[in-house]
Amino acid sequence: MTTTAPPAAPPKAPQRPGDRWFSGAALFAGSMILVTLAAVAIFLVVQSIPGIAATSEEASILSTNFWDYVWPLAFGTVWASFLALLMAVPLSVAVALFISHYAPRRLAQGLGYVVDLLAAVPSVVFGLWGILVLAPAAQPVYTWLVDNAGWFPLFSGPVSGTGRTIFTAALVLAVMVLPIITAICREIFLQTPVLHEEAALALGATRWEMVRMAVFPFGRSGIVSASMLGLGRALGETMAVAMVLSATGIVSFRLFTSENPSTIPANIALTFPEAYGVNVNVLIATGLILFIVTFAVNAFARWIVSRRREFSGAN
């Protein structure tokens, strides 16, 4: 009984010089991202060690120790970003849905350009708008809410006389992250398979029912990842929050008072010019905390997306 040898594998085609150059450049670019991230992490860890171990005798900006100093800042950062996301996500999804499935083509194209232009506005301009326009306009609303709904813990007084509260800062952050979330959600909604939409309509579904049964399930993980990207943007915002927020460094859930928690980026921007010695290490250590929080947010977003990779419009 004779056995036949398996067919030989075809010879590999020689790689062209252009392919080698492109492959090497792509590998180098991808590697540099990891190298840069590792370098930033190492720098933050090394420079943060003296600040984390510092006491009030070694650093003048500390009242007791590092953790008592950073806790109100971390709380204010997460609280302001959460409020901004709570306002921005529903509005962004609604605008993206209107552009992709409801608006006429010409109006949708122009509205998409307008929303995208918001991302090009500098943070300082948003900060000036928050101080000069939004805060004075919102202050009477805050007063009315405190007078008529002060029994609710979030609306308890005393009300701020300037309107520069944590809620005003959250409103500014919501406007800043809105174009990011809207643009991603719009592209995800446009990638919904047409056959899915037509099948829902053919079964007698209304347009809203088609969106609920076909568009939202397809883009759910993409909406989550867009929201997490907007959250990362809100967590790291510096100038707008530093200009708008009247911070006192406390931990409070009240939205309309003059005593508000600060945020890590705003605190670094306002304190760093006068910092010296171990104080600089303390501020860098607060930056390390922000780096860890942002990294955790992005990792959580990637985990959400990977759970439904085959249905995700972001992949």
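Biologist: Which residue forms a salt bridge with Arg254?

Modeller: Bear in mind that this is a predicted model, where local features need pLDDT of at least 70 and side-chain atom pairs count only at pLDDT 80 or more, while totals for chains, interfaces and linings use all residues. Residues are numbered from 1 along each chain as its sequence is written, and side-chain values use heavy atoms, with hydrogens and water left out. A salt bridge here is a side-chain nitrogen of Lys or Arg within 4 Å of a carboxyl oxygen of Asp or Glu. With the closest N and O atoms 3.8 Å apart, the partner of Arg254 is Glu259.

Biologist: What relative accessibility does Glu259 have?

Modeller: Buried means under 20% relative accessible area, exposed means over 50%, and partly exposed is in between (1.4 Å probe, protein chains only). Arg254 counts as partly exposed at 22%. Glu259 is partly exposed too, because its relative accessibility is 41%.

Biologist: How many salt bridges does the rule give?

Modeller: Arg254 with Glu259 is one of them, and Glu187 with Arg186 is another, at 3.5 Å from N to O. By the rule, the count comes to four.

Biologist: Which residue is linked with Arg186 and Glu187 in a network of salt bridges?

Modeller: Arg186 also meets another side chain in a salt bridge of 3.4 Å, N to O, and that partner is Asp116. That pair links distant parts of the chain, 70 residues apart, with Arg186 in helix 5 and Asp116 in helix 3 (residues 105-118). Helices (H or I, at least four residues) and strands (E, at least two) are DSSP runs, numbered from the N terminus. So the network's remaining member, beside Arg186 and Glu187, is Asp116.

Biologist: Is Arg186 buried or exposed?

Modeller: Its two partners are partly exposed, Asp116 with a relative accessible area of 31% and Glu187 with 38%. Arg186 has 10%, so Arg186 is buried.

Biologist: Where does the kink in helix 5 lie?

Modeller: The bend at a residue is the angle between axes fitted to the seven residues ending there and the seven starting there. In helix 5 the kink is about 35°, shortly before the proline Pro179, and its place is Val177.

Biologist: Which helix gives the most to the nonpolar patch?

Modeller: Patches are made of residues with over 30% relative accessible area and no salt bridge, joining like charges within 9 Å and nonpolar side chains (Val, Leu, Ile, Met, Phe, Trp, Tyr) within 5 Å. This one is formed by Val124, Leu128, Trp129, Leu132, Val133 and Met239, with about 530 Å² of accessible area together (Shrake-Rupley method, 1.4 Å probe; for residues, only the protein chains shown count as cover). Val133, for instance, is partly exposed at 46%. With five residues, the top contributor is helix 4 (residues 123-149).
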